[in-house]
Amino acid sequence: MLRARGPGPGALLLRAALGLGRRGRSWQRPQGQDTGVQVHNSLTGRKEPLIVARSDAVSWYSCGPTVYDHAHLGHACSYVRFDIIRRILTRVFGCNVVMAMSITDVDDKIIKRANEMNVTPASLASLFEEEFKQDMAALKVLPPTVYLRVTENIPQIIAFIEGIIAHGHAYSTATGSVYFDLHARGDKYGKLVNTVPSATAEPGDSDKRHSSDFALWKAAKPQEVFWASPWGDGRPGWHIECSTMARALTASAVGSCSLPASPVDPRAAE
């Protein structure tokens, strides 16, 4: 059942993490096939042609739900809109859309809710994942071509984080966490939106370098689910999972966070 809810902590955190960009910047048109569709480009502030590598297999990565609670009206609004765009691309412009949707099945909110209900995080996530799928079916939203769960992509996420560290854009800490270093990106971070980044919510004993750095890998806490990594036992941060799966599966994707031509800045920076 869909339930009305206000903006959750995740939405507020995401807004806080977005960056310093200005509208009207230049945009280099990629090579490929013009679909005939015009989309808003948040980098330039103008409508631009939607270019795809090949119209017979248009990749679309959709950032799916964090399955710790019932779906709400915000989910319904987002996925109905994306479904309409997908149908237009397919039926009007003749594009064969191959859509992958992530399912965040391990997260702070999932762990907290599972502890409150005295169930395992995996069983809680499975319950609300199936309920989400039923809600989308009731709204006549087409299912994605494939669902991608975070817990099934841990090795890929770890390898992706290692690449970011190797490029000097992230750092590990003594406690076993890894943070994205916003200062290493300079004014390149935040170019897609016009919002000043602020401190992200971390524990008071966090050892990150800058208040606005966000977690790519979170060191395991007692009694929490974890995976082994080069930095110690832990689990992925919220942003990195979408970055990893979108980069690996949709090199020519329509969008890296559900919305064509406007991926959010943490994913873009990674």
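Residues are numbered from 1 along each chain as its sequence is written, and side-chain values use heavy atoms, with hydrogens and water left out. Because the model is predicted, local features need pLDDT of at least 70 and side-chain atom pairs count only at pLDDT 80 or more, while totals for chains, interfaces and linings use all residues.

**Exercise 1. State the overall make-up of the protein.**

Step 1. The protein has 8 helices and 9 strands; helices (H or I, at least four residues) and strands (E, at least two) are DSSP runs, numbered from the N terminus.

Step 2. Of its 270 residues, 47% count as buried. Buried means under 20% relative accessible area, exposed over 50%, and partly exposed in between (1.4 Å probe, protein chains only).

Step 3. Take the contacts between residues at least 6 apart in sequence: 68% of these join residues at least 24 apart. Contact means heavy atoms within 4.5 Å.

Step 4. The accessible surface comes to about 13,400 Å², and carbon and sulfur atoms hold 54% of that. Accessible areas come from the Shrake-Rupley method with a 1.4 Å probe; for residues, only the protein chains shown count as cover.

**Exercise 2. Check the length of α5 and determine which of its residues are buried.**

Step 1. Helix α5 covers residues 154-166, which makes 13 residues. The expected span is 1.5 Å times one less than the number of residues. For α5 this gives 18 Å, and the end C-alpha atoms are 18 Å apart, which agrees.

Step 2. The buried residues of α5 are Ile154, Ile157, Ile158, Phe160, Ile161 and Ile164. Down the helix axis they fall within an arc of 160°, so they line one face of α5; the arc is that of the directions from the helix axis to the C-beta atoms. An α-helix has 3.6 residues a turn, so residues three or four places apart point the same way.

Step 3. Pro155 and Ala166 are exposed, on the face of α5 turned away from the buried side.

Step 4. Just after the helix, glycine 168 has a positive phi of about 80°.

**Exercise 3. Identify what α5 packs against, and follow one of its residues in detail.**

Step 1. The buried residues of α5 pack against β6 (170-172), β7 (178-180), β8 (214-219), β9 (234-236) and α7 (238-249).

Step 2. Isoleucine 154 belongs to α5 and counts as buried, because its relative accessibility is 4%. Leaving aside neighbours within four places in sequence, isoleucine 154 is in contact with Trp217, Trp227 and Pro236.

Step 3. Isoleucine 154 and glutamate 241 are 87 residues apart in sequence, yet their C-alpha atoms are 8.6 Å apart.

**Exercise 4. Describe the sheet that α5 lies across.**

Step 1. The open sheet of 4 strands has the order β6-β7-β8-β9, with antiparallel pairing. Two strands pair if DSSP finds at least two bridges between them. β6 and β9 are the edge strands, since each pairs on one side only.

Step 2. The twist from one strand to the next averages 20°. Axes are lines fitted to C-alpha atoms, for helices over the stretch in contact, and angles run from 0 to 180 degrees between N-to-C directions.

Step 3. β6 and β7 are joined by 3 bridges, and alanine 170 has phenylalanine 180 in β7 as its bridge partner. β7 and β8 are likewise joined by 3 bridges, with valine 178 opposite tryptophan 217. Between β8 and β9 there are 3 bridges, and lysine 218 stands opposite arginine 235.

Step 4. In β8, 5 of the 6 residues are buried, so this strand is largely enclosed by the rest of the structure.
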